[in-house]
Amino acid sequence: MSKPVRETTRLTLAGGIPGYLEPSHALPLVSFTLALRSGAAHEPEDRGGVARLTARMFRRGAAGMTSREIEEAVDALGGEIAVDVGGSTMAFHGTVIRRNLDPFVDLVTRLLGSPTFDETELGRLRRESLAELAEVRDNDRSLAQIAFRRALFAGHPFSRGSSGTISSIPKLGVGDLREFYAKHWVRGNAVLGFSGDLDESLATSVGNKLLAALPEGPRVADDLAEPTVKTGRHLIFVDKPDRTQTQIIIGSLGTSAHDEDHVPLAVANAIFGGTFTSRLMREIRSKRGWSYGASARLSVDRRRQSFSMWTFPAATDAAACIAVEVDLLDKWVTAGITPKELGFVKKYLGRSYAFDIDTASKRLHQALDVDLLGLPADYYSNYVSHVEAVTREGANAAVAKRISLTDQLYVVVGTAADLLPAIQASIPNLESTEVVPFDRD
Amino acid sequence: MAIRKSDRRRELTDKINLTAASDAARWTFAGDTLFGSGDNAETVSSYVLGNGLTVYLLIDASAPVVSYFTWFNVGSRHEKLGKTGLAHLFEHLMFNESEGLAAGEFDRKLEENGAESNAATWVDWTYYYESLPAERFGLAVTLESQRMARLILREPQVVSEKEVVANERRYVVEDDIEGSINEQLYKTAFTVHPYHWPTIGWMEDIQAFTPEDCVDFYKTFYAPNNATVVVCGAVKEQDVLTRIRDAYGVIPASTLPVEDTVPEPPQMEERTVTMTKPTASDKLMLGYRGPALGDGDHIVLSVLNEVLFGGRASRLYRKLVIEQELATQLRGWVSTFRDPGLYEMYAAARAGTTAEQILAALEAELDIVKSEPVTEAELSRAKARLELSALQGMDTTSGKAEQIGFYATVLGDPNASFRRLEAYRRVTAGDLRRVARTYLLPRARTRIIVKPEAVTAEAAE
């Protein structure tokens with residue numbers, strides 16, 4: 001079995017802010033992440049999209065620099081900056097060719113510490129964001145994911161994406177962004193990570209520079225409620241014309257990393273739909289050729305996240321495919337996994353762990369995840385041992401306890417006029433159907 | 001130092017050759033080349049087996065893993081009309097049954113050993129790869145050599161994979177707007193060259209393949225003298241050469257057909273196609289006839305592409321997305337094909353903007369780069385972006401192996417990615433203006449426009 005190479009270096013940063021370092025001198029590149037312990041789920045309910053807009057405004061004016069000057073400076077240094085906003089966390093990422101690290105860090109401190117939040121630039125970003133939201137409708141998989149998230153977590157902040165909606169974005173003003181920035185982009189809410197061609201001393205120095213740029217402020221309270229699930233089986237049909245193929249997501253609530261049966265459930269899920277030879281792939285792709293891919297996934301966040309199955313069969317095979325998925329799910333939950341399957345997947349997960357830690361960047365992001373999501377301290381570092389300890393009985397009990405057969409959400413993107421009755425008939429005990437146009441807000 | 005290393009490699013191959021069973025299983029050391037530049041350069045060693053198999057080896061002990069890529073010199077350009085998509089179908093069939101290995105066992109064995117694997121096909125080539133824990137390197141050699149020579153191609157395997165590929169085509173072409181535009185672009189821009197048809201193949205061809213088609217194709221193109229193996233990772237040279245010799249040395253070379261590709265004649269007038277799709281806004285794709293990957297102009301045009309499309313500070317992004325707010329997405333790409341391809345430009349319009357408006361704005365900017373030199377600052381930024389991108393591609397063993405294999409297969413030079421990087425540094429503003437004038441010719445352009453179908457809920461309101 002592959003073992004972790006070593007532990008990530010902990011940095012001692014000003015104010016006791018956590019920092020992590022994974023050095024690698026193979027390439028003359030340095031990357032860093034300034035992450036925050038809050039995200040889109042912490043937006044005010046009527047301000048959907050404010051977290052992402054705030055983060056995107058960093059590169060659109062800061063400390064006397066215009067958007068254009070910032071972009072040109074980043075490119076001239078052989079650098080790259082990006083922001084990402086998730087449910088419970090946000091991050092600012094920077095990568096630069098090593099020889100330009102100093103001026104790049106100086107630039108980033110200006111962006112993070114003195115964003116202008118210019119009204120004209122915000123107007124431009126709002127219009128850009130609205131156009132991007134319209135563009136998403138061209139992507140059927142994204143439509144399925146959005147519909148699934150909204151319905152599964154209805155009433156919970158996890159139901160919101162980070163992009164906001166066509167109705168929420170126009171309402172966001174400079175005041176909203178300043179308020180969000182002042183509360184979230186503060187020192188006490190930050191975690192820093194470095195990877196690449198730098199040592200502990202340099203990483204500490206850069207880390208303190210970045211932190212000094214942020215306003216003083218406390219960690220944002222972790223007050224998200226646990227999501228609950230709607231009882232019964234429900235179908236959301238996203239209606240889009242001219243589809244030759246469907247996108248299907250079936251699922252429910254899944255796991256929390258703090259569940260005592262989290263790892264057994266993850267191992268069982270790998271058998272069900274987590275590998276190329278999983279039950280789902282074998283039955284749907286290999287035996288029947290119905291879909292190019294078929295997989296099952298357990299998402300992890302600070303609160304219980306989703307369990308979901310994803311396939312994309314031809315429209316003519318969609319109903320039959322759902323029937324097979326329902327049957328496979330039923331057998332997985334009621335009959336469990338076999339000793340042979342467990343032995344196989346333990347080898348797969350243990351040996352393939354080498355590819356979870358083969359780059360400094362991957363190792364760093366494991367350390368950041370543990371800190372930001374509040375995962376058990378040895379979640380990754382003892383991952384292989386945790387997997388080894390899973391028993392068949394434990395895995396089967398986890399599946400039976402966590403995966404509901406009665407409370408399930410079915411999301412299909414397709415052409416309703418061609419498919420709806422057949423899809424409904426393929427789902428036993430279906431309680432409700434909602435047909436939504438693909439271009440709804 | 002380099003000479004001593006070469007001598008040592010010759011000594012090593014001489015030693016291994018003492019136990020060769022035949023001439024087909026004898027190694028020839030073909031030389032070392034530096035991969036990378038400056039202090040970070042590594043050595044790629046090249047070997048050729050008696051049956052024609054070429055091997056590139058880069059020993060990289062930065063992580064306990066190894067990547068094993070097999071590049072075949074066959075892509076959709078080697079297909080015939082009526083049999084399009086056959087090269088890509090093999091990307092699926094090769095994971096199926098072979099002698100001594102039942103259906104499904106190939107993937108099962110790899111997963112059981114913690115390996116990642118996948119494959120890709122394009123116009124000029126097909127590759128297969130495995131990345132494994134380094135101590136399991138031998139499994140990749142065994143499995144790849146087995147399926148190079150002893151694949152089983154019977155009705156059930158072919159029928160099942162045809163269906164999977166048909167579904168893949170629905171996913172990436174029929175129900176995907178960008179996929180369908182891209183297919184239409186090459187179909188229209190090329191009339192006689194095989195770049196005319198899509199690598200995934202026309203749907204009617206996919207559904208008509210027979211096991212006999214597959215056997216013919218396999219016997220012709222899947223042979224050691226049509227393949228290049230790239231090994232990158234924490235392995236030992238002697239072990240690599242011995243294992244590969246033992247596994248592949250028994251596979252005979254094939255008689256490769258002389259390629260019968262007809263060059264595409266010059267394009268003398270613009271071609272335009274307009275399509276409708278269920279989308280909220282217009283899309284525009286242009287394809288200017290461009291240079292081959294090995295042409296010096298490809299390097300210059302790639303730098304020009306960075307000036308025009310590379311990042312948010314680029315000319316066209318700033319004009320079309322930020323200042324004029326005409327487009328949501330914008331990208332340009334110079335095709336990296338063995339034969340002359342296209343300089344592609346794509347824009348997704350904002351609602352209320354037409355593709356024609358975007359075209360007018362884009363043409364105005366292209367006229368400027370044809371008449372005025374770009375600034376030194378723009379040129380410098382473009383070069384810095386290309387350097388960053390090249391370095392980022394080298395983070396993993398699989399990234400390195402892919403670069404080595406791609407350039408070795410298409411250009412015959414495993415270090416071409418770094419030679420290109422050096423060449424980018426020499427490009428001048430005058431060079432950019434020259435290639436703009438040479439290639440950005442409206443008469444040598446193909447234009448695909450997508451208009452929204454008026455059937456959406458919002459349109460009906």
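Modeller: Buried area is the accessible area that two parts lose on being put together, summed over both. Please keep in mind that this is a predicted model. Here, chain B and chain A bury about 5500 Å² between them, and 54% of this lies on carbon and sulfur atoms.

Biologist: Which residues of chain B lose the most area to chain A?

Modeller: They are Glu111(B), Asp175(B) and Arg312(B), which together make up 13% of what the side of chain B buries. The contact as a whole involves 62 residues from chain B and 63 residues from chain A.

Biologist: How many salt bridges and how many polar contacts does the rule find across this interface?

Modeller: There are 11 salt bridges across the interface of chain B and chain A. For polar contact, the rule finds 25 residue pairs, with both residues at pLDDT 80 or more. Several elements of chain B each supply at least two residues of the side that touches chain A, among them α3 (105–112), β6 (126–133), α5 (155–174) and α13 (376–392). The largest share, 9 residues, comes from α5(B).

Biologist: Which residue of chain A meets Arg312(B) in a salt bridge?

Modeller: The partner is Glu128(A), at 3.9 Å from N to O. Salt bridges may also join into a network, and one such network links Arg56(A), Arg59(A), Arg60(A), Glu71(A), Glu128(A), Glu132(A) and Arg312(B).

Biologist: Why does Asp32(B) count as partly exposed?

Modeller: Buried means under 20% relative accessible area, and exposed means over 50%, with partly exposed in between. Asp32(B) has a relative accessibility of 28%, so it counts as partly exposed. Arg9(B), at 8%, counts as buried.

Biologist: Where in chain B do Asp339(B) and Arg77(B) lie?

Modeller: Asp339(B) is in the loop between β10 and β11, and Arg77(B) is in the loop between β4 (65–72) and α2 (86–93). The two are 262 residues apart, and their side chains meet in a salt bridge of 2.7 Å, N to O. Asp339(B) is buried at 17% relative accessibility, and Arg77(B) is buried at 6%.

Biologist: How is a pair of aromatic rings described?

Modeller: It is described by the distance of the centres and the angle of the planes. Over all chains, a search of the whole structure finds 46 aromatic pairs. One of them is formed by Phe153(A) and Phe158(A), at 5.5 Å centre to centre with 85° between the planes, and it is edge-to-face. Both Phe153(A) and Phe158(A) are buried.

Biologist: Why is the pair of Trp27(B) and Tyr47(B) edge-to-face?

Modeller: Planes over 60 degrees apart count as edge-to-face. The planes of Trp27(B) and Tyr47(B) are at 70°, with the ring centres 6.1 Å apart, so the pair is edge-to-face. Trp27(B) lies in strand β1 (residues 27–35) and Tyr47(B) in strand β2 (residues 42–49), so the pair ties together parts of chain B that are 20 residues apart in sequence. Trp27(B) is buried at 3% relative accessible area, and Tyr47(B) is buried at 0%.

Note on methods: Residues numbered from 1 in each chain as written. Chains lettered and ligands numbered in written order. Heavy atoms only, no water. Phe/Tyr/Trp six-rings, centres within 6.5 Å; stacked < 30°, edge-to-face > 60°. Buried < 20%, exposed > 50% of the residue type's maximum accessible area, 1.4 Å probe, protein only. Helix = DSSP H or I, 4+ residues; strand = E, 2+ residues; numbered from the N terminus. Contact = heavy atoms within 4.5 Å. Buried area = accessible area lost by both parts, 1.4 Å probe. Salt bridge = Lys/Arg side-chain N within 4 Å of Asp/Glu carboxyl O. Polar contact = N/O pair within 3.5 Å; in protein donor to acceptor, adjacent residues only side chain to side chain.
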